[in-house]
Amino acid sequence: MRNSNQRTLILEYLHRVKTHPTAADVYEEVQQLLPDISFGTVYRNLNRLNDEGLIQAFKVGRAKHFDGNADNHYHFLCRQCGKVEDIEMALVEDIIARAEDATDHEIDGYELFFTGVCQDCSQTDKGEEDGNK
Ligand SMILES: [Zn+2]
Ligand SMILES: [Zn+2]
């Protein structure tokens, strides 16, 4: 029962947030509810949930991020602060079929990140330029 409790808490946390946390972020959160849990347990649970397709994981630089939304969706990555946000837009239709047409490889998925500078970061920049931060 203990193990399923850990798993459920991790999954619930990922469903609750849209911040695409790292394993360390998840550990920090879950530890408040289950003080005895180890980082290794959190990490194993995250990878298992990902293998089972209940969540998704992706790498940004060297950090692995986890997403409670396992459905294909687009992400925005801020080049300055590294935050990852969902972009709520319709998926490009047939994108996998189109990629398969263009190659002989077997394609089973894709990762698509839009990159740029987030609103928070661009506002900070402006504030500094104007000297009125
Ligand atoms: Zn940013
Ligand atoms: Zn996402």
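Predicted model: local features only at pLDDT ≥ 70, side-chain atom pairs only at ≥ 80, totals over all residues.

Colleague: Okay, what's the phi of Asp94?

Modeller: Asp94 has a positive phi, about 55°, even though it is not a glycine.

Colleague: And is Asp94 buried or exposed?

Modeller: Exposed, because its relative accessibility is 53% and the cut-off for exposed is over 50%.

Colleague: Which loop is His20 found in?

Modeller: His20 is in the loop between α1 (2–16) and α2 (23–33). Its phi is positive too, near 55°, and His20 isn't a glycine either.

Colleague: Buried or exposed, that His20?

Modeller: Buried: the relative accessibility of His20 is 2%, and buried means under 20%.

Colleague: What does the zinc ion (ligand 2) have around it?

Modeller: His20 is one of its donors, through NE2.

Colleague: What about Asp67, buried or exposed?

Modeller: Asp67 counts as buried because its relative accessibility is 5%. His73 is buried as well, with a relative accessible area of 15%.

Colleague: How accessible are Cys78 and Cys81?

Modeller: Cys78 is buried, at 2% relative accessibility. Cys81 is at 44%, so Cys81 counts as partly exposed.

Colleague: Let's zoom out. How many helices and strands are there in the protein?

Modeller: There are 5 helices and 5 strands. Starting from the N terminus, the order is α-α-α-β-β-β-β-α-β-α.

Colleague: Is the protein a compact globule or more spread out?

Modeller: More spread out, because its radius of gyration is 18 Å, well over the 14 Å that the globule rule gives for 133 residues. The C-alpha trace spans about 55 × 55 × 25 Å along its principal axes, and buried residues make up 31% of the 133 residues.

Colleague: What domains does the domain assignment give?

Modeller: Domain 1 covers 1–68 and domain 2 covers 72–133. Their centres, taken over C-alpha atoms, are 23 Å apart. The contact takes 7 residues from domain 1 and 9 residues from domain 2.

Colleague: Last one, Val60. Which strand does it lie in?

Modeller: Val60 belongs to strand β1, residues 56–60. Val60 is buried, with a relative accessible area of 18%.

Colleague: So what does Val60 touch?

Modeller: Leaving out residues up to four places away in sequence, Val60 touches His65, Leu77 and Val84.

Colleague: And what separates the C-alpha atoms of Val60 and Tyr27?

Modeller: Those C-alpha atoms are 18 Å apart, and the two residues are 33 residues apart along the chain.

Colleague: Great, thanks!

Notes:
Residues numbered from 1 in each chain as written. Chains lettered and ligands numbered in written order. Heavy atoms only, no water. Buried < 20%, exposed > 50% of the residue type's maximum accessible area, 1.4 Å probe, protein only. Helix = DSSP H or I, 4+ residues; strand = E, 2+ residues; numbered from the N terminus. Rg over C-alpha atoms; globule rule 2.2 N^0.38 Å. Donors = N, O, S within 2.8 Å, 3.2 Å for Na, K, Ca; no water. Domains from an automatic or database assignment. Contact = heavy atoms within 4.5 Å.
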